[in-house]
Protein chains: 2
Amino acid sequence: MVEVAGRVDRIPIIAVDAMGGDIGPGVVVPGAVDAVREEGGFTLVLYGDEPAIHAALAGLDTADLPITVHACGQAIDMGEPPAAAIRNKPDSSIVRAITDHKAGAVDGFVSAGSTGAIVAASLIILGRLAAVDRPAIASRIPTVSGDCLLLDIGANVQCTPQHLLTFAQMGDVYAREMLGLEAPRVALLNNGEEETKGTEVMVAAHRLLRASDLHFVGNVEGRRLMHGDADVVVTDGFTGNVALKLIEGMAPFLQGVAERRVSPEERAVVLPALRILQARLDYADYGGALLLGIAGVSVIAHGASSRRAVRNAVLAGARLAGRDIPGRLGARLAAGA
Amino acid sequence: MVEVAGRVDRIPIIAVDAMGGDIGPGVVVPGAVDAVREEGGFTLVLYGDEPAIHAALAGLDTADLPITVHACGQAIDMGEPPAAAIRNKPDSSIVRAITDHKAGAVDGFVSAGSTGAIVAASLIILGRLAAVDRPAIASRIPTVSGDCLLLDIGANVQCTPQHLLTFAQMGDVYAREMLGLEAPRVALLNNGEEETKGTEVMVAAHRLLRASDLHFVGNVEGRRLMHGDADVVVTDGFTGNVALKLIEGMAPFLQGVAERRVSPEERAVVLPALRILQARLDYADYGGALLLGIAGVSVIAHGASSRRAVRNAVLAGARLAGRDIPGRLGARLAAGA
């Protein structure tokens, strides 16, 4: 039996790192409060510098909301080497909150802090699910018909075919449980549609996926990644990171083109359209990235998260905890192994 | 001394594979004729099925233009395994034209046919430049300030750090000679800006690039790839292919969003803007991809090339031949080795 922190038989308690993000408590606290006020169904614990959190809470009218504050004396900066930061800052919001998650005091963790520190602390403190050699970071990306889940987007720059199969199985469970899909379409990001395409690892991964009980729809090329052909797209963390960031860069690129490469008359046509399109491309809607394969719930919001992005990441954490996604992942992978 | 086919001391003669592309002579021939009529400065030889070429030429009023036809009895299809196709079809337009290039009868080759067949035939018949272990395919991609050269986009799915250095040196020569840049900014596509980021190959490539005499500006992430931070961006052919195709997929993605994810009122705002933006994203402007590192000029136009895309690819071939880019590349690499 896989032991998972915070197995939920109560209203989930979600730990939020108030110190994360480029702006910190000033954005994270209002975003987290929005989540608990507008959707509810969970209890919020804010980890971080107590005076800063209370200052951010002031004026938000939170008297009737299930919110508590857990004071921490340290914070991990975005640029700190993760392993050293975790070792040297036991009283940081990230380490405290994840330690509480491990102990079962909270059921999920959400942070807009350093991805490296969140991943390292989650791995070291919560540990991996029994059947998972390498956890992966998953993110939803926009498509013409909605969105799909892309993983890995950066936890593992080098992967074996077996790692990629595990990522696919984790994405499949996520898509079934969180998106309500009966037979999620799984694809492999590759440089061609034919099964012989790609590196040796990709060719072997294609074979493993083809032989699995997943609904594998084959390779998907970059050109079709955002065209809604798949619900789960699997790749190594290097390629996935480049692809995700290219997609994130689309809106600023289009904005830059509108500002620098069109005439004033054309700009008047383009700018209102970009506002409409950007609302469909905004990662704030996607609830942060998820660390799948650890024995707990760890949601990584973008460092540049807006209040709305934090809100959605906290809600994603509450839903993952409420549906016990780590437990379901563990059971699925143990059965498949 | 590196022996390069078609070293130019005359008006360049450009061989065009009339059978290439999804549509063939009906698009390729008018596009090539446009190039020689509107810009000139080179002689055009059309390789392929003679009746089909003459049918396509009919009505184009080419009597005064320097155009000849080289009849070929075979054509290589897009899906054919490249090595077998080259072996079994010696009278195909691709094999005939590249063989004539090797013999010095023409100075450059342009095709919208099978990339695999063009690369294989170029490698086998023309051969590599002396200092080049692996030729690379380079393509211009749009940025907020113009464009940059991305390579490799598919010739080598796995690369060593030394391969990536050679790609950078070739991109540097291209940017100096063809774009007129004095000190082209060279970057490495990676999953983070820090020099420790990426796979072992990328970390080692970063070190080689840093130690080279190139104007290396460091790693570029996907988010900044299209932001004009570099003139030449180096990557392996797997990552480059995914990235290029993602960029090519942007315009159809936006079109799909406009058709499927916005209201009719919003669509009326978005569609005119997309027409403006797509004109800045259109790969037809970029003159096809270039196979750099072979002893000759080989330009690979997109299979879905429009007449204008073929025109620009033919002009790119004429300029590469006219400036003797293979010879300059060979000299630069021999000096640097």
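Reply: Here are the ground rules, then the questions. This is a predicted model: local features need pLDDT of at least 70, side-chain atom pairs count only at pLDDT 80 or more, and totals for chains, interfaces and linings use all residues. Residues are numbered from 1 along each chain as its sequence is written, chains are lettered from A and ligands numbered from 1 in the order written, and side-chain values use heavy atoms, without hydrogens and water.

Me: How do you know what confidence the predictor has in chain A?
Reply: pLDDT is the predictor's confidence in each residue, from 0 to 100. Chain A has a mean of 93, and 97% of its residues reach 70 or more. For the complex, the predictor gives an ipTM of 0.93 and a pTM of 0.94.

Me: Why do you say that the copies meet through the same surface?
Reply: Because 100% of the interface residues of chain B are also interface residues in chain A. Contact means heavy atoms within 4.5 Å. By that rule, 52 residues of chain B touch 52 residues of chain A.

Me: What makes up the buried area between chain B and chain A?
Reply: Buried area is the accessible area (1.4 Å probe) that two parts lose on being put together, summed over both. Here that is about 4800 Å², 70% of it on carbon and sulfur atoms. In chain B, F238(B), F253(B) and R261(B) lose the most area to chain A, together 15% of what that side buries.

Me: Why is the pair E248(A) and R223(B) called a salt bridge?
Reply: The rule asks for a side-chain nitrogen of Lys or Arg within 4 Å of a carboxyl oxygen of Asp or Glu. In this pair the closest N and O atoms are 2.5 Å apart. The pair therefore meets the rule.

Me: What does the salt bridge of R311(A) and E39(A) tie together?
Reply: Its N to O distance is 3.5 Å. R311(A) lies in helix α10 (residues 307–322) and E39(A) in the loop between α1 (25–38) and β2 (43–48) of chain A, so the pair ties together parts 272 residues apart in sequence. Helices (H or I, at least four residues) and strands (E, at least two) are DSSP runs, numbered from the N terminus.
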